[in-house]
Amino acid sequence: MARRGARLGRTALATATALATAATLAACGGGGAGDSGGPVTSLRVLDYYNNEPENTVYADLLNACGQQAGVTIQREAVPGASLIAKVLQQASSRTLPDVLMLDNPDLQQIAATGALSPITDFGLSTDGYANGIVSASTYEGKVYGMQPVTNTIGLFYNEDMLAAAGVTPPKTWDELKAAAAKLTSGDRYGLAFSAPANYEGTWQFLPFMWSNGGDETNIASPQVAQALQLWVDLVTSGSASRSVVNWTQADVNEQFGAGKAAMMINGPWQFPALAQKAPDLKYGVVPIPVPQAGATEVAPLGGETWTLPRTGDEARQKKAAEIVACLNSDATQMNLATERSSVPTKTALLDGFVAQAPTMAAFTEQVKTARARTGKLGADWPAAATKIYTAVQSAITGGATPDAALRQAQNG
Amino acid sequence: MAEEGRAGGTTARPPLLTVVAPDPPAPGAAAGTDRPGRAGWWSPRGRERLLQLGFLLPAVAYLLLFFGYPVVQNVVMAFQEYTTATFYTGEAPWVGLDNYVAVLTSAVFNQALVNTVLFTVGSIAGQFVIGLAIAVFFQRRFPLSGVLRSLLLLPWLMPLIVSGAVWRWILDQDNGALNRFLGGVGLIGENPGWLTSTSLALIAVIVVNIWVGIPFNTTILYGGLQDVPRELYEAAALDGATGWRAFRHVTWPLLRPVVNVVLVLGVVYTIKVLDIILGLTGGGPANATQTIATQSYHLSFQEFRFGQGAALGNVLIVISLVFALFYLRANRRAGQG
């Protein structure tokens with residue numbers, strides 16, 4: 001999510017053009033599956049880890065897994081925003097790779113095409129995985145992907161600023177409001193979050209909405225309205241900037257790194273950027289505050305899932321399944337989680353992981369109870385996500401009360 | 001009028017057709033058509049005709065493949081439930097007018113339509129007036145005028161994603177260069193949210209689009225101005241028409257064909273603007289900058305409702321077509337007059 005969100009606008013035209021040609025290419029497709037029949041010597045892999053350091057991390061990992069399975073890996077890494085266009089184009093020309101990585105909320109759309117094989121067909125299983133993880137990769141009762149690591153968002157706080165103001169990291173909404181107000185001074189805001197007109201805004205709002213019992217199947221509910229009221233209050237009181245409606249999560253991170261915000265809602269993928277831009281910044285991370293003390297935090301799950309497209313070649317698919325199994329082994333999960341500041345998805349690994357990576361404690365804690373965005377609505381999630389960010393935006397900009405904004409959005 | 005042939009194109013075509021038209025009906029051919037009979041193709045006239053068709057063929061093939069096919073595909077797609085699954089299965093159930101009903105009755109449509117009109121009219125008015133003023137200004141020769149004129153092209157040459165990012169930074173509410181400047185000279189008390197207030201965002205987006213469009217307008221209009229014969233100004237000056245009156249009675253009438261081209265191309269280019277809006281606001285806040293183009297993009301590529309996205313795209317095509325017809329009419333009138 002974090003990656004896609006940041007890139008939504010960039011390749012607008014590239015995506016459109018690529019898809020426009022998809023139909024034309026379909027006519028000339030058909031080949032590309034390669035050496036069917038003979039022994040499998042190489043596999044094609046498609047993912048969107050095209051930036052360093054991820055690019056190298058995954059290249060090394062895939063090569064190691066390939067070696068184990070006795071095949072060479074032909075990997076292609078495309079920019080995040082053009083992955084879906086590429087996949088649809090390949091689905092239409094029957095040139096899908098043997099192993100395909102998908103951002104987890106996109107799995108529903110691609111599984112709906114029928115282009116993926118259930119992983120159970122190849123003896124893989126998601127036993128022992130966190131529930132939210134499995135539901136993200138499940139379409140109409142069948143599991144289509146395995147996700148080695150996940151992430152979510154938490155509350156980052158500037159240790160020096162909180163200490164100077166005599167504030168402890170907030171645990172409830174009331175504490176959050178009080179802390180944000182107290183930490184606001186001069187051109188510094190108490191809190192920064194991201195509420196732009198895209199799915200990134202929805203993603204950031206979900207923990208507030210879900211932890212208060214809100215439900216994406218009908219957002220015109222008092223629970224969601226209360227969560228939205230919290231955001232509106234934070235902005236109208238001046239504790240958060242009005243610019244939140246145009247900030248991406250990367251922008252939020254800039255504000256926090258530059259000391260223009262004492263706290264922010266963000267994810268662990270910002271660790272490297274923070275270390276680079278503000279090496280002296282001392283900060284901690286706690287779970288996102290809940291409505292009242294004792295309430296359960298329900299955060300959204302991020303991360304990518306690995307799938308097995310139907311290439312029509314049984315032998316190749318079996319080998320591909322070996323690669324996916326290798327990508328999801330206990331050792332790989334722990335390594336990836338450490339290297340990419342993310343969280344393993346097998347619940348049995350969590351305690352050991354926190355002991356090894358204490359900075360990830362808050363995120364790991366949240367993953368246990370976190371939910372998948374597509375868990376309830378499946379392929380209908382994008383429409384609901386649009387309604388949520390639209391309502392959030394019209395309430396924050398003062399166009400309507402939270403209640404009215406949500407009702408308006410729900411009725412579309 | 002030297003400009004006529006270059007700008008219109010339509011005036012250049014009739015002579016080509018008149019070569020063909022007087023072809024007398026071959027014996028045996030149906031009355032009223034000039035189609036040569038079977039043997040007629042090998043007559044000198046018929047061969048010439050074949051040759052003409054041969055020259056047309058590449059252009060026609062190109063147009064059909066790269067313009068005709070996508071447009072037809074888009075029209076068909078709008079009547080189908082076209083989803084991600086369609087790409088794999090090829091199945092796209094026919095749904096009649098459902099997609100049109102869905103997009104035309106959605107809450108966003110009216111706002112998107114109004115925004116599209118305001119965005120287009122505002123952008124064109126700004127680009128044209130400023131572009132024309134600059135073009136007229138550069139008609140005078142002065143030191144460095146050539147250098148300055150080329151510098152004006154800069155906004156046109158920059159990738160829109162880059163200029164979008166820079167403008168987003170300039171227009172930022174709290175730390176943007178614009179608000180810092182306005183605050184510094186004491187023009188504003190409270191920082192206006194150029195991109196974050198629902199009442200200002202559309203204006204800000206229009207201003208940026210004007211900035212992007214000025215070089216195009218200036219370049220074409222400047223070219224048109226160069227073709228206005230000098231001696232006309234001298235003659236006008238003798239009759240006492242200088243300055244504004246010379247512009248009104250000499251420059252403007254002779255520039256009209258170029259103006260037509262600039263305005264129609266401007267409308268067609270502006271109405272479909274996507275990257276600038278996506279880069280600046282993403283259609284927000286609260287749909288304040290949502291246009292039919294951005295909404296169509298969102299439906300197709302964010303919500304994967306390709307059928308509905310295509311339906312909105314067709315609405316856009318129809319609007320562009322209406323303008324193209326206006327253009328053709330205006331051009332024909334100019335040709336007759």
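**Chain B, annotated stretch**

I began with residues 113–327 of chain B, where the chain is 73% helix and 0% strand. The end C-alpha atoms of that stretch are 22 Å apart. I note that this is a predicted model. UniProt, in an unreviewed entry, gives residues 113–327 of chain B the annotation "domain: ABC transmembrane type-1".

I then looked up the "transmembrane region" feature. The unreviewed UniProt entry places it at residues 50–72, 117–138, 150–171, 191–212, 254–271 and 306–328 of chain B. I checked two of these spans in the model. Residues 50–72 of chain B are 100% helix and 0% strand. Their end C-alpha atoms lie 28 Å apart. Residues 117–138 of chain B come out at 95% helix and 0% strand. There the end C-alpha atoms are 31 Å apart.

**Chain A against chain B**

Next I turned to the contact between the chains. I find 38 residues from chain A and 34 residues from chain B in it. Which helices of chain A each supply at least two residues of the side that touches chain B? I list α2 (12–28), α4 (83–93), α5 and α17 (381–396). The largest share, 7 residues, comes from α2(A). I sorted this side of chain A by class: 17 residues are nonpolar, 18 polar and 3 charged.

**Two domains in chain A**

I looked at how chain A is divided. Domain 1 takes in 2–150 + 302–369, and domain 2 takes in 154–299 + 377–411. The C-alpha centres of the two domains of chain A lie 29 Å apart. Their contact takes 19 residues from domain 1 of chain A and 22 residues from domain 2 of chain A.

I followed the domain 1 side of that contact. In chain A, α1 (2–7), α5 (107–112) and α16 (361–369) each supply at least two of its residues. α16(A) gives the largest share, 5 residues. By class, I have 9 nonpolar, 9 polar and 1 charged residues on this side of domain 1 of chain A.

**Helix pair α3 and α13, chain A**

I picked out α3 (residues 54–69) and α13 (residues 314–327) of chain A. They pack at an angle of about 130 degrees, with their axes 9 Å apart. That angle makes α3(A) oblique to α13(A). Their crossing is right-handed. On α3(A), I find A:L61, A:C65, A:G66, A:Q68 and A:A69 in the contact. On α13(A), I find A:K319, A:E322, A:I323, A:C326 and A:L327. The contact of α3(A) with α13(A) has 6 nonpolar, 2 polar and 2 charged residues.

**Helix pair α10 and α18, chain A**

My last pair was α10 (residues 222–236) and α18 (residues 402–411) of chain A. What is the angle at which α10 and α18 of chain A pack? I have about 125 degrees, with the axes 9 Å apart. α10(A) and α18(A) are therefore oblique to each other. The crossing of α10(A) and α18(A) is right-handed. From α10(A), A:V224, A:A225, A:L228, A:Q229 and A:V232 meet A:P402, A:D403 and A:L406 of α18(A). By class, I count 6 nonpolar, 1 polar and 1 charged residues in the contact of α10(A) with α18(A).

Methods:
Residues numbered from 1 in each chain as written. Chains lettered and ligands numbered in written order. Predicted model: local features only at pLDDT ≥ 70, side-chain atom pairs only at ≥ 80, totals over all residues. Domains from an automatic or database assignment. Contact = placed C-beta atoms within 7 Å. Helix = DSSP H or I, 4+ residues; strand = E, 2+ residues; numbered from the N terminus. Nonpolar A, V, L, I, M, F, W, Y, C, P; charged D, E, K, R; others polar. UniProt positions renumbered as here; feature names shortened; annotations may be inferred. Axes fitted to C-alpha atoms, helices over the stretch in contact; angles between N-to-C directions. Parallel < 35°, antiparallel > 145°, perpendicular 65-115°, else oblique. Left-handed = near helix turned anticlockwise from the far one by under 90°.
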